[in-house]
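Have a look at the model first, and then we'll go through it piece by piece.

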Amino acid sequence: APKTNSIVRIASVLFLTLITFSLVAQSGDQKEIERLEALLKKTQPDSQRLKILNDLVYYYTDVNTPRFIELAEESLSLFDSTTRKSSVGNVYMNMALATEAKGDYTASLAYNAKALQIFQALGDTLGISSILNNIGIAYNQLGDYSMAVYYLLKAAEIDELRKDSVGMATDYTNVSESYYGAKSYEIATQ
């Protein structure tokens, strides 16, 4: 029983620490959102506005889906032939996430494919890995678990080469979710 009490006490401290860090991060994020929203009101449609939009989309991901979608759609309308390719790739990635948030996984796959082409042409391994992971998640949502695992493992290969432990953890967590969705419980827990 004393060992169990110690474990419970340690788990409680870790949980409270995590909650505290989460609240502090949310507070900082809210201030950054307010700052970027104020800048957006003063900025004309140009490359600077596109950067602000992409930054805001990042902060609104999983927080305010309607605003996230609105900003992603505006950013898509702003780029032209003079826009940096990496920015265009980010816009397509944001649109993929926005359409995924609306439950339109087919559209999400189409935007991810456009972003993937750009990141591959740029040799941007972080972008490629992120997009492959997003494609895997979309296939997972569509119930095509074998395709999900295929793309997620490709993302994991890249993250292993990049020595990106956070990326690998995300990739393998998503792979596990795909196996779980496919009811391959034994594989999912490995």
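A crossing of two helices is called left-handed if the near helix is turned anticlockwise from the far one by less than a right angle, and right-handed if it is turned clockwise. Keep that one handy. Before using it, a word on what you're looking at: this is a predicted model, in which local features need pLDDT of at least 70 and side-chain atom pairs count only at pLDDT 80 or more, while totals for chains, interfaces and linings use all residues. Residues are numbered from 1 along each chain as its sequence is written, and side-chain values use heavy atoms, with hydrogens and water left out.

Now the overall layout. The chain has 9 helices and 0 strands, where helices (H or I, at least four residues) and strands (E, at least two) are DSSP runs numbered from the N terminus. Reading along the sequence, you get α-α-α-α-α-α-α-α-α. Of its 190 residues, 36% count as buried; buried means under 20% relative accessible area, exposed over 50%, and partly exposed in between (1.4 Å probe, protein chains only). As for contacts, meaning heavy atoms within 4.5 Å, residues 24 or more positions apart account for 46% of those with a separation of 6 or more.

Let's start with helix α3 (residues 65–78), where you'll find Leu71. Leu71 counts as buried because its relative accessibility is 1%. Leaving aside neighbours within four places in sequence, Leu71 touches Leu40, Leu53, Leu56, Val57 and Tyr60. Asn54 is 17 residues from Leu71 in sequence, yet their C-alpha atoms are 7.8 Å apart in space.

Moving on, helix α4 (residues 85–101) packs against helix α6 (residues 125–142) at an angle of about 20°, with the axes 11 Å apart. Axes here are lines fitted to C-alpha atoms, for helices over the stretch in contact, and angles run from 0 to 180 degrees between N-to-C directions. That angle makes α4 roughly parallel to α6, given that angles under 35 degrees count as roughly parallel, over 145 as roughly antiparallel, 65 to 115 as roughly perpendicular and the rest as oblique. The crossing of α4 and α6 is left-handed. On the α4 side the contact is made by Met93, Leu97 and Glu100, and on the α6 side by Ser130, Ile131, Asn134, Ile137 and Ala138. By class that comes to 5 nonpolar, 2 polar and 1 charged residues, with Ala, Val, Leu, Ile, Met, Phe, Trp, Tyr, Cys and Pro taken as nonpolar, Asp, Glu, Lys and Arg as charged, and the others, Gly among them, as polar.

Which residues does Asn134 contact, once its neighbours within four places in sequence are left aside? They are Met93, Leu97, Glu100 and Asn112. Asn134 sits in α6 and, at 11% relative accessibility, counts as buried.

The next partner of α6 is helix α7 (residues 145–162): the two pack at an angle of about 160°, with their axes 7 Å apart. That makes α6 roughly antiparallel to α7, and their crossing is left-handed. By class, the contact of α6 with α7 has 13 nonpolar, 5 polar and 3 charged residues.

α7 then meets helix α8 (residues 165–181), the axes coming within 9 Å and crossing at roughly 165°. So α7 is roughly antiparallel to α8, again with a left-handed crossing. The residues of this contact divide into 11 nonpolar, 4 polar and 3 charged.

Buried or exposed? At 0% relative accessibility, Leu152 counts as buried. Leaving aside neighbours within four places in sequence, its contacts include Leu132, Gly136 and Ile137, as well as Asp171, Val175 and Ser178. Leu152 and Ile135 are 17 residues apart in sequence and 7.9 Å apart in space, C-alpha to C-alpha.

Finally, the rings. The structure holds 4 aromatic pairs: rings of Phe, Tyr and Trp (its six-membered ring) pair if their centres lie within 6.5 Å, with planes under 30 degrees apart counting as stacked, over 60 as edge-to-face and the rest as tilted. Tyr150 and Tyr151 form an edge-to-face pair, because their ring centres are 5.0 Å apart and their planes stand at 85°. Tyr150 is partly exposed at 45% relative accessibility, whereas Tyr151 is buried at 18%.
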